[in-house]
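Good morning, and thank you for coming.

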Amino acid sequence: MLDYLPMFCQIRDKTCLLVGGGQVAERKARLLLDAGAYLLVNAREFTSQFHLWDDAGQVTLIYGEFEPCWLDLSWLVIAATNDAAVNRYVSDCATERRIFCNVVDEPQQASFIMPSVIDRSPLVIAISSGGNAPVLVRLLREKLERLLPIHLGRLAAYGGALRQRVKQHFDNLAARRYFWERFFTSEPLMQSFISQDHQQLDRVVETLLSESPQVNTNKTDSCSLTDEHTGAI
């Protein structure tokens, strides 16, 4: 049985509350800002980085003690103070309002946890042990970081831009799957991304599109060919 439901939240332009203004809170703020959140930060004092973000209009700083009313504006909240009692109070108030809350270093108090992330946007890999083995998670992340090329993000983004064209070019799911399997395993394509040779990239794609699918398209189980978003490759 899963201890947590793995999911990715779309928080771009959504209000999120961060309680805490220290170094730990700063690390959480970076993640929320990278995800495009509109960020409220509540604390008695803030690091210099928070003031820089405030001057740039990236965050709104709320000075003073935590007030539950700030939760009424928020989609989710992170409690990241150095006071366990305050963090627990934030979590309790969020639970009463059915708002997901992360509590730093106290997963048992949290309704969601933040995994270790490998960012190859739009490809993102998240790893978590539910707070049981953070060192193991760190080791796995470092190993995967070494294994996964930096250009994978650009490859995934390019594939996303091609999806509609591929869908129009191939009229069945099996043929589209065959194309994508060759696309994501093509060594010439990988080399084109590494060298940033856009002309070669276009030539490889045109070659892949022109090749006939080597699959039996009449007996393919379409239920096995769904993707993460729409149910179609």
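At what angle do the axes of helix H6 and helix H8 cross, and within what distance do they come? Please keep in mind that this is a predicted model. The axes of H6, residues 173–185, and H8, residues 198–210, cross at roughly 150° and come within 10 Å. Angles over 145 degrees count as roughly antiparallel, and H6 and H8 are therefore roughly antiparallel to each other. Their crossing is right-handed. On the H6 side, the contact is made by Phe-179, Arg-182 and Phe-183, and on the H8 side by Val-205, Leu-208 and Leu-209.

Helix H5, residues 152–169, packs with H6 at an angle of about 155°, and the axes are 12 Å apart. H5 and H6 are therefore also roughly antiparallel to each other. Here too the crossing is right-handed. H5 contributes Leu-155, Tyr-158, Gly-159, Leu-162, Arg-163, Val-166 and Lys-167 to the contact, while H6 contributes Arg-176, Phe-179, Trp-180, Phe-183 and Phe-184. This contact of H5 with H6 comprises eight nonpolar residues, one polar and three charged.

An unreviewed UniProt entry annotates residues 151–209 as "domain: Sirohaem synthase dimerisation". That span is 88% helix and 0% strand, and its end C-alpha atoms lie 22 Å apart.

I shall finish with two details of the backbone. Most residues other than glycine have a negative phi, and most peptide bonds are trans. Asp-13, however, is not a glycine and has a positive phi of about 65°. Asp-13 is placed in the segment before strand E1, residues 15–19. As for the peptide bond, Ser-121 and Pro-122 are joined by a cis bond, with omega about 5°. Pro-122 is found in the loop between strand E6, residues 116–120, and strand E7, residues 123–127. Thank you for your attention.

Technical notes
Residues numbered from 1 in each chain as written. Predicted model: local features only at pLDDT ≥ 70, side-chain atom pairs only at ≥ 80, totals over all residues. Heavy atoms only, no water. UniProt positions renumbered as here; feature names shortened; annotations may be inferred. Helix = DSSP H or I, 4+ residues; strand = E, 2+ residues; numbered from the N terminus. Axes fitted to C-alpha atoms, helices over the stretch in contact; angles between N-to-C directions. Parallel < 35°, antiparallel > 145°, perpendicular 65-115°, else oblique. Left-handed = near helix turned anticlockwise from the far one by under 90°. Contact = heavy atoms within 4.5 Å. Nonpolar A, V, L, I, M, F, W, Y, C, P; charged D, E, K, R; others polar.
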